[in-house]
Structures are given as C-alpha cells and as structure tokens.
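Dear colleague,

Please find below the structure for your review. My notes on the findings follow it.

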Amino acid sequence: MIIKEYDLRISKIIQETHDTKTFRINFNDEFSFEPGQFINLTLDILQNGEVKQLTRQYSISSSPTKKNYIDLTIKKMANGIMSNYIVDNSTIGDKIKIKGPYGMFTFKDDVKKAVFIAGGSGISSLISMIRYIADKNLDVDVTLLFSNKTPKDIIFRSELDELKEKKFNIINTVTRYNGDEWDGEIGRINKEMIRKYCDLDSLFYICGLPEMVDSVRKELETLGIEKARVKFEKY
Ligand SMILES: Cc1cc2nc3c(=O)[nH]c(=O)nc-3n(C[C@H](O)[C@H](O)[C@H](O)COP(=O)(O)OP(=O)(O)OC[C@H]3O[C@@H](n4cnc5c(N)ncnc54)[C@H](O)[C@@H]3O)c2cc1C
C-alpha cells in the first residue's frame, strides 16, 4: 500500500447513535486499503479562540470494495478534544487532511473462520472487514461479539440485524442493562460467552479501548487460544 497525504472535504455525515457519527470522504481518484486499516486525520480546531492543528487515528469503517470514498465512524469520548469537536461541529464541505492507509490489523481473504470482538467504537475496523466479506461474498464463517453500555449505544444496529438474517452470527451484549427491551446478552464479554457462541478454532480479531482488548485477550488465553490466532487493535 502506498501511504499518501490528501486534502479533502467531508461529503456526507450520518448520525449513527446519540454520540457517534460517520463522516464520508470522497477521493478524486481511487483510494486503496485493506479491511481493518486506519488513517491519520488532521483537523484545524478552534479552542479558546486559537486555531490548533490536531491529528488522531481513525479506522476506515467502509469496505475496500468502495474505491472512491472512505467512511470514518467517530464516537465522542469523555473530555476528548478531536472526537467531540468533529462530532459536534463538523459539517459537509469542511476541509480535512488525511494520511494513510496504515496498520497491520487486517483481514486476509484466505481466513475461513473469523471471530470479531468489538467494544463500542471498536466496531469501526471490524465492520469494514464484515462489509468486505459480505460484498465479496467470501466463504467465511463469521461471528461478531459486540459489547456496548446500553442498547442505544449500538452503532450500525440495523445493518447488523440485516447481516444476522444472512449467514452472519451477530451477538450483542450490554454491560449496563437499563431495563429497555433487550434480547441479547448482558455483561462484559467473558470466556463463558466466547465458549457459548464462538468456534474456538477461529482467528480472533479484537478491537476497542485498551482495557476491553486486554480483558478479552486474557479470556482467550484461559481458553487455550494461542497468541498467533489473536489479532488486536487498541483505540
Ligand atoms: C489505530 C486507531 C484507530 C482508531 N479508530 C477509531 C475509530 O474508528 N473511531 C473512534 O471513535 N476512535 C478511534 N480511535 C481513537 C481516536 O484515535 C482518538 O483517540 C479518540 O477519538 C479520542 O481522541 P480525542 O482527541 O477526542 O481525545 P483526547 O483529547 O486525545 O483524550 C483522550 C482521552 O484521554 C483523556 N485525557 C486527555 N487529556 C488528559 C489528561 N491530561 N489527563 C487524563 N486524561 C486525559 C480524555 O478525557 C479522553 O478520555 C482509534 C485509535 C487508534 C490508535
């Protein structure tokens, strides 16, 4: 992959949940990347009357089969500068700088059984892989375990429900069950949940905040899954 820098504009914004938006960025030419890769996003941010240039990493949530645009799905983080700024202030037409693609946390076409484990915004890189598998109709046995605080935090919920109707094994869990109608799991992803839903011979991909990734890695270790079959990306 060739790493390049681009000056582009936001072409579409999708409100995904109460605190998460997807930003679509169109390219003049084709942009090649592998499912799971990320870009560096640089924005001019107005803070206390001063313009500051900030850079953060964001996974590409669209599939590489879409050649002329990428989607970035960004969730607000408590007291976070960039995530809050872009979700609250950015509008269609705003200028942004992108550099990439980067990353080794990628899905390869020869994988036959994949378990994707996501926490919150960690779904961004994994949905790219899942969309890619669906778009290319790859013969992959896919399970997604997706953990969120409450049902209203589930990003891509309706798309995931549609994927469930196809061959995808999608399991949602909520860690702060609030009494809403809910037919998924309750509690953090643990070894019991992994054993219940996943083929332990799979390749495991984990993505989310560091604490969640480390905790799932430990659970996989206690299940005897060797490190070579566990790929992860920490946000
Ligand atoms: C490879 C990669 C891919 C990523 N992809 C995505 C993605 O697809 N979607 C997504 O939403 N995010 C993604 N992230 C996370 C993203 O890069 C940012 O880290 C995130 O948006 C927060 O940035 P921020 O500027 O809002 O927060 P920051 O201002 O950088 O703050 C981050 C956290 O640190 C805390 N903090 C800040 N300063 C201090 C301090 N002085 N003391 C204590 N705590 C402090 C804040 O409260 C906040 O919780 C990815 C990260 C990586 C590494």
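In this predicted model, strand β8, helix α3 (residues 157-165) and strand β9 form a right-handed β-α-β unit. The two strands, β8 (residues 141-148) and β9 (residues 169-174), run parallel and are joined by six bridges. Within this pairing, Asn148 stands opposite Val174 of β9. On β10, the residue opposite Val174 is Ile186. Strand β10 (residues 185-186) runs parallel to β9, and two bridges join them.

Setting aside residues up to four places away in sequence, Phe116 touches Leu126, Met129, Ile130, Leu144 and Tyr205.

Helix α1 may be considered on its own. Its buried residues, in the segment 81-89, are Ser83, Ile86 and Val87. Seen down the axis of α1, these residues fall within an arc of 95°, and they therefore line one face of the helix. In general, an α-helix has 3.6 residues a turn, so residues three or four places apart point the same way. The buried residues of α1 pack against β2 (20-26), β3 (38-47) and β5 (69-75). Asp88 and Asn89 are exposed, on the face of α1 turned away from its buried side.

With kind regards

Key. Residues numbered from 1 in each chain as written. Predicted model: local features only at pLDDT ≥ 70, side-chain atom pairs only at ≥ 80, totals over all residues. Pairing = 2+ DSSP bridges. Helix = DSSP H or I, 4+ residues; strand = E, 2+ residues; numbered from the N terminus. Right-handed = clockwise from strand over helix to strand, strands pointing away. Buried ≥ 20, exposed ≤ 12 C-beta atoms within 10 Å, placed from the backbone. Arc of directions from axis to C-beta. Contact = placed C-beta atoms within 7 Å.
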